[in-house]
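Subject: A structure for you to explore

Hello,

Here is the structure I promised to pass on to you. Please open it next to this email and follow along as you read.

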Amino acid sequence: MPTSATQLIRGHILHFLADPGEHDAADSYQSLPDGALWIVDGRVADLGPWPELRARRTPDELAGAECFDYGQQLVLPGLVDTHCHYPQSGVIASFGRQLLDWLNDYTFPAEAAFADPCVAEAAAEYFVERLLAHGTTTASVFATVHPQSVDAFMAAAERRQLRMLCGKVMMDRHAPPELCDTVASAERDSLALIERWHRRGRLRYSLTPRFAPTSTPEQLALAGALYRSQPDLHVQSHLAENPDEIAWVSQLFPQRRDYLDVYAHYGLLGPRTIYGHCIHLAPEEIRDMAHTGTAAAFCPTSNLFLGSGLFNHAAALDAGIRVGLATDVGGGTSFSLIRTLGEAYKVSQMLGRPLPPLRAWWLATLAGARALYLDEHIGNFLPGKEADCVVLNPAATPELAYRLQHGGSLSEQLFALMVLGDERCVVATHVLGRVGGANVSCISCTEKVYS
């Protein structure tokens, strides 16, 4: 691979500046059918229509850049997965359970194997490579209770210079003994992992109590204290996924108003906190999430697969909650956020608020970055942002190509892509400008950039 610190990426550039809403607000996105990104030292230095950007560059600059010409293929910011479990990659498509049975029958046995660092390392390599192959460049990732599971994932992400969040699961009750930590060990291990990985390159640490039922009040209090101990730590957990889960929380924490109030009581709401699912929220919970800046991860494939319910993304956005899209691998059924968008649309149809295609792709990019409080770094192509991007071929399959013969506006392309598309549409994934994962070879095309 060329070692140039400058890249030129030419194609149909599409990125978002704000929520397009349900009526495709014209000032919320920028679509450049013959556009270009000029990337210097891994950051976007310039973007615009290709003739204009070319006029701003000297011949020597153009000649010295590593160049990629993707023609009319779509170039979007790297996709953002706001909630997933890398240790569960091997139990995707396991039959017939709802949430609590899923944990006992599939999740816990799979995670027990991560006591072996070699298992963790192999799984981390597989998981990161699959993310890149599906166009995902940033994710909020659950490890297991074992510290070495975090080390394995962070090391795999660091080798690829990815912007990732990850944390050790905290779980000191209602789980197999081999998967339980203690308040003391959770504190010791978390502090060591924070010291080792937080803010190392593009990595950030997420405090990760699995969910309220598997942490004692003392452990939740510890998580809250750690969250307050540094101004930029993240928190990830689960909330209101399943009616039986909610009833269990009520039994375990009878003094609390509702599920969200458990986390609130222990200081686990606020900036850089995100909760997966959030399907069955009371009005007070919706209000408090919006007020505190606590984000929700929309996990349509796992919500459907586990029979958990339908998350009303539109109502959450109306209320002012930050919402991002998530695969929730392995309860979720695909690494692909493209496929996940198709399921999100079906959920939205069932709820009477169809998800428009522009808003959908905003959810998968800038909204995800915002939900994770990473939008100062990623999520769109504004100058100064880190240059992660995915290149998509809207006609990658015969079905897509045939469909687009019968309607080809931007909105129609994006909708067909999210309903019919999958990882076969991913031409390449760029990380900090350079190719980090690809289904086909990227063509260095210095001889074409002058055309």
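In which helix does Glu111 lie? Glu111 belongs to helix H3, residues 99-112. Before going further, a word on the source: this is a predicted model, in which local features need pLDDT of at least 70, side-chain atom pairs count only at pLDDT 80 or more, and totals for chains, interfaces and linings use all residues. Residues are numbered from 1 along each chain as its sequence is written, and side-chain values use heavy atoms, with hydrogens and water left out.

Helices (H or I, at least four residues) and strands (E, at least two) are DSSP runs, numbered from the N terminus.

Is Glu111 buried or exposed? With a relative accessible area of 0%, Glu111 is buried. Here buried means under 20% relative accessible area, exposed means over 50%, and partly exposed is in between, using a 1.4 Å probe and protein chains only. Leaving aside neighbours within four places in sequence, Glu111 is in contact with Pro87, Gln88, Ala143, Thr144, His146, Leu179 and Arg210. Contact means heavy atoms within 4.5 Å.

**Salt bridges**

How many salt bridges does the structure hold? There are 29 of them, each being a side-chain nitrogen of Lys or Arg within 4 Å of a carboxyl oxygen of Asp or Glu. One of these joins Asp151 and Arg196, whose closest N and O atoms are 3.0 Å apart. This pair links distant parts of the chain, with Asp151 in helix H5 (residues 147-159) and Arg196 in helix H6 (residues 183-197), 45 residues apart. Asp151 is partly exposed at 23% relative accessible area, and Arg196 is partly exposed at 35%.

Asp261 forms a salt bridge with Arg256, and their closest N and O atoms are 3.0 Å apart. Asp261 is buried, with a relative accessible area of 17%.

In helix H13 you can find Lys346 and Glu343, three residues apart, about one turn of the helix. Their side chains meet in a salt bridge of 2.9 Å, N to O. Lys346 is partly exposed, with a relative accessible area of 45%, and Glu343 counts as partly exposed at 23%. Elsewhere, salt bridges that share partners join Arg43, Arg163, Arg202, Glu386 and Asp388 into one network.

**Aromatic rings**

A search of the whole structure finds 15 aromatic pairs. Rings of Phe, Tyr and Trp (its six-membered ring) pair if their centres lie within 6.5 Å; planes under 30 degrees apart count as stacked, over 60 as edge-to-face and the rest as tilted. Why is the pair of Phe211 and Trp248 edge-to-face? The ring planes of Phe211 and Trp248 are at 75°, with the centres 6.2 Å apart, so the pair is edge-to-face. Phe211 lies in the loop between strand S9 (203-209) and helix H7 (217-229), while Trp248 is in helix H8 (residues 243-252), so the pair ties together parts that are 37 residues apart in sequence. Phe211 counts as buried at 2% relative accessibility, whereas Trp248 is partly exposed at 23%.

Tyr86, Phe114, Tyr126, Phe127, Phe153 and Phe335 form one aromatic cluster. There is also a charge over a ring: the charged end of Arg322 sits over the ring of Tyr373, 3.9 Å from its centre. That label needs NZ of Lys or CZ of Arg within 6 Å of the ring centre and within 35 degrees of the ring normal.

**Backbone details**

Most residues other than glycine have a negative phi, and most peptide bonds are trans. Ala240 has a positive phi of about 50° although it is not a glycine. Ala240 is in the loop between strand S10 (234-239) and H8, and is buried at 1% relative accessibility. Cys278 also has a positive phi, near 55°. You will find Cys278 in the loop between strand S11 (273-277) and helix H10 (283-292), where Cys278 counts as buried at 2% relative accessibility.

Which residues does a cis peptide bond join? Val329 and Gly330 are the two, with omega about 5°. Gly330 is placed in the loop between strand S13 (323-325) and H13.

Enjoy exploring, and write back with any questions!

Best wishes
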